Amino acid sequence: MSSVKDWAAPTPISENRSGLIGKGVDRYEGRLKVTGTAPFAYEVEAPSPPAYGVLIASPIAKGRVTLADISEARVAPGVRLVWTPHNVPAQGERGAKINPRSQRGSNPALAERVEHFGQHVGFVVADTLENAKAAATLVRFEYAAEPADLIFEDRFGAAEQPEGEEDVRIGDFEGAFAGSPVRLDETYVSPLQNHAQMEPCATTAWWEGDHVTVHTSIQMVKGGQHTLAETLMIPSTQVRLVTRYIGGGFGGKGQAYDDLTLAALAARELGQPVKVAYTRQQMFQATIHRPAVHMRVRLGAQPDGRLDAFALEVVTHCRREAPFTEHAANFARSLYAAPNRLTGHRLVKLDIPAAGPMRAPGEASGMLSLECAMDELAEQLGLDPIELRLRNEPETDPETGKPFSTRQLVRCMTEGAQRFGWDRRNPTPGQVRDGRWLVGLGMAAAIRGNFLLPAKAGVRIDADGTITLRQGMTDIGTGTYTILAQITAETLGVPLAQVKVELGDSDFPPAPGSGGQFGAATAGSAAFAAGMNLRKALAELATGDPNSPLYGDDPELVTFGGGNIAVDNRAEPLDRLVARAAPDGVYVEGSITPAADARDYSQHTYGAHFAEVGVDPDTGEVRLRRMFGVFAAGRILNAKTAMSQITGGMIWGVGTALHEYNEVDPRYGSFIAQDLAGYHVPAHADIADLSAMFLDEVDDKANPMGIKGVGELGIAGAGAAIANAVYNACGARIREYPLKPEKVLAALP
Amino acid sequence: MKPFTYERPADVASALTLVAKIPGARFLAGGTNLVDLMKLQIEQPTHLVDVSRLPLAEIEDTPEGGLRLGAMTTNSQVAADARVRARYPALAQAILSGASGQLRNKATTAGNLLQRTRCPYFYDTTKPCNKRAPGAGCAAIGGIHTNTAIFGASEACIATHPSDMAVALTALDARVETKSGSGEARVLALESFHRLPGDTPHIETELQPAEMITAVVLPPPPAGRQIYRKARERASYAFAIGSVAVAGDRVALGAVAHKPWRAEAAELALEQGASPAEAMAAELEAARPDGHNDFKLKLMARLGAACLTTTGAGDGQ
Amino acid sequence: MKTSFTVNGQAASLDLDPRTTLLDALRERLDLKGSKKGCDHGQCGACTVLVNGQRINSCLSLAVTHEGDAITTIEGLAQDETLHPVQQAFLAHDAFQCGYCTPGQICSTIGMLKEAADGWASLVTEDLTADVVLTDEEIRERMSGNLCRCSAYPQILAAIRTAGGLA
């Protein structure tokens, strides 16, 4: 196993001779996307015309299907098959046999047992989408409904400690808190939220013999492949899963859903390609969501602001059969110094759709609590909110004592304050007006963990010099194609145009996929390793080839640049070398594994958000006026795509603070918002002047390239900055998100 | 969607005859609401009579000094019209505060008036709804939805009318011109065009079966200033949680009732010299919030008072 | 039922199920899959196309109603290898991430710029009787019918300013 010490040595990435690393090059697949020619899963051309599958959802929250009458639907125009719990083909149990990494916890498709409103209980395939949709309305179901636990707040008494978890206690929180001269004890509530990816889940599937090919919208290639293989009860080698373009994931497409299962099953049954997409309504009811979170924050401080005692206790919920914990307290374990600490989670099991990861799980909700509590405490103490944070800046990780690999939180805050004009903030709320608008400023810190997972990549060079990187990785809009092209081109010293990147195929060397902000570091490090291995192979090829000007040179002295391979002033173009010495091309793989000592460091990305909002005193409407963020997230691979990730995350924070929530009907277990008119993600008019910057940073403890993730950092803390700005604008301290007009209005004098 | 047939008659008379003759036939104009609801099986026409290309898309000056908006004028067309912008700014503002640019390019004047509620229990067809299935019950009552009526709700329905445009038209005292299959023409005041739910919430307007809106007529603009303001849960592309239109001395409220709500009590109070806040308080005396939508009292009080203050309605009485 | 229109300048004549939306006709019948289905209910804008030069939600428009119309989709904007200026600006400003809302954003931009050039007002136009100036606030309001969950709004704004000659 490698050590982080190995990662400090100079590399083609750190040397960055052609300057591709960090450069804001256009998105690799951008031309396809702006011309509408990037095929998403539902749009992939199948070998023959596909039939259309449509799903039918349960109107009850819990119970079972007692009758499914398909007689009318079966004979409706164009119908090819109608499946219900009573005639759907057998499916293997998931996660049990073939591969332990497959997702567990989801039912086989069309189970007779109903575990949440919106669970699919029927499936119709027809020759056209119109016929399939019409026939789906003709299947008649009867149910035996059972009492269901639907309301989070009603079930707090039944909250359990998540399996295998303990509260983290350091020092004596209760004792220290009781003795603290300044105390805060408040509860913050973050609502249930939906991913609302623009592209609904979709699959196109076909069979050739006993092999199935599925094009599907999924963030995790291998997980999807193994899950489907288990479901179909065939070896994974007979499943090819392809996911070239994904219309947004955000964690919600980390797992296989019924579109994948049923498209594959139906294509086998019919001997014809089948494609299936969720409706927008099904996206709400039958995928995962971010659960609601209750967060009790207690802070005990000295009059100078130093924290004696800190606690963040979280209660959240999940579907009864699909345990998942929104770890909204974890971030706080590394954020502020305080000798006496308590953090932990409790979980309520409900009969509603499954909770699961959504962009920055944990931080996105959790920071809405502590980062407002710090604002409140700062006011109690008469301190500037930044000053309070500076006074609680730890030297080492406040819980583990481990050194930070890098930590530029202070600089993020001070640099941001200066650029944003934080000194113009009037600490007394409700003092600034612009026309009818009450104007306020707020800030919050950001922290998000950094991770590296095992991954592989393959790279080949062909006789024409084209270098092709292949990886079972996904690009969900994150810029993966682009950064992998940059890494590969820089590693091999070739122009960007000479590099091709192929992703999202289970036939390619595996990578864990997109999630947890680990994609760039993980996939990128494997691509870098593959590139380094190709350098080695080419150096050996050239120095061992009597026809090469490098013949007989020490392979260790070979350099790459400008498309050439060289030693001193002897050089030849890569394409000439390969065409001559390896006309079939050269293919190598590379891999990355976490360093054995990586966990000896406390490793995170950091940032600071600054927001200016206006509050309409007539309506309680809040409008963002300005937002700025400063972030430190390791070496930035692409200035443009990284910025897009970060500002996108900040805008998610705006939505979290002001717009987004869903609720469960207490009688039916259904979500109230089931479409994009009911569930408000930020629209363009909600986002005023919003920008960000990155601090220079290289984290040589993170991975061989010193990079970190940026996909989730932007949302962490962003909503709290908005909420703090709302308080500053109008004096309304609303601890239950989002800050929608009716709540702000109620709090206004 | 259930199967249906489609035709596009060349003139109004043929369209009226077709809809009168064919059971389950419906007029199709911009389709932005009807097609939406057909996809959910909430609307299930057997036959669509496409009226979108009928010669009803003109905006004409009336001899009285008002404007006649053809039924098939698009929302965009009306909001862009120089006469509307100059003389009926509240109408332009109301239209432009609704939906999106794309939707306004298709949505028509007549269709806007006939759009159905956005109550989530109406849209979720697994729930009882007296609008969708008369007598089934109302799932919104006892639900947790807050964007419900504070005026004129019934035990059968607490939904609101979602239109912005119709609120401004109510304040502007617009009239609706219709024709029916027999060729009979009628004129209805917009403020009495929509109905309160009572025990027949599925009957939303005074239109008879096979009766078609042919135009909306604006009287000459009233003396005094006009305004339309809307509160909502995001800055754009969202339905109102409350809105106010003021045109001269007339006031109408949106998202508070099953119909655009003319605030007659407020108007009367203003006439009697009340302040804007007093006028809104007078109007809201009749409000009956249900515990979930109580915020609308404060919202309408403040938003209404702000609008009346801006226009100076009631000044000089 | 038989329906004829032009798509990107090409005549198309289809025998259509009246239930088929323009969006599904484009995607499933004409193999023009650039227009996207995000919500199928006019709530996201991903399906935006231009009909006779005006932007509409193709998901809420029945294809049979488009007899004789001139329809432009994302596939009809680039001239051979040369991108339309709006496409080029979206590419240069990284005005998209996943790319799913992008065709709708681009078609909507083209329609929006024409609406503004024609002097149409928006909700944020201060003086309804004055000429329209496409400020940032105007662009944001006018483009609000196109949701972008990746939230590329700042980049979309920059792209539109460039493409609209407003930069």
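This is a predicted model: local features need pLDDT of at least 70, side-chain atom pairs count only at pLDDT 80 or more; totals for chains, interfaces and linings use all residues.
Buried residues of H12(B) include B:Phe295, B:Leu299, B:Met300, B:Leu303, B:Cys307 and B:Leu308. B:Lys296 and B:Thr311 are also buried. What do the buried residues of H12(B) pack against? Within chain B, their partners are strands S9 (226-232), S10 (240-247) and S11 (250-254), along with helices H10 (264-271) and H11 (276-284). Chain A contributes helix H17 (741-747) to this packing. After the helix comes B:Gly312, with a positive phi near 70°.

Let's turn to the rings. Over all chains, the structure holds 15 aromatic pairs. One of them joins A:Phe40 and A:Tyr245, with 6.2 Å centre to centre and 55° between the planes, a tilted arrangement. A:Phe40 lies in the loop between helix H2 (30-34) and strand S1 (51-57) of chain A, and A:Tyr245 in the loop between strand S12 (239-242) and helix H7 (258-270) of that chain, so the pair ties together parts that are 205 residues apart in sequence. A:Phe40 is buried, at 2% relative accessible area, and A:Tyr245 counts as buried at 10%.

Finally, two rings in chain A have a charge over them. The charged end of A:Arg626 sits over the ring of A:Phe420, 4.0 Å from its centre, while A:Lys701 lies over the face of A:Tyr601, 5.2 Å from the ring centre.

Key:
Residues are numbered from 1 along each chain as its sequence is written. Chains are lettered from A and ligands numbered from 1 in the order in which they are written. Side-chain values use heavy atoms; hydrogens and water are left out. Buried means under 20% relative accessible area, exposed over 50%, partly exposed in between (1.4 Å probe, protein chains only). Helices (H or I, at least four residues) and strands (E, at least two) are DSSP runs, numbered from the N terminus. Contact means heavy atoms within 4.5 Å. Rings of Phe, Tyr and Trp (its six-membered ring) pair if their centres lie within 6.5 Å; planes under 30 degrees apart count as stacked, over 60 as edge-to-face and the rest as tilted. A charge sits over a ring if NZ of Lys or CZ of Arg is within 6 Å of the ring centre and within 35 degrees of the ring normal.
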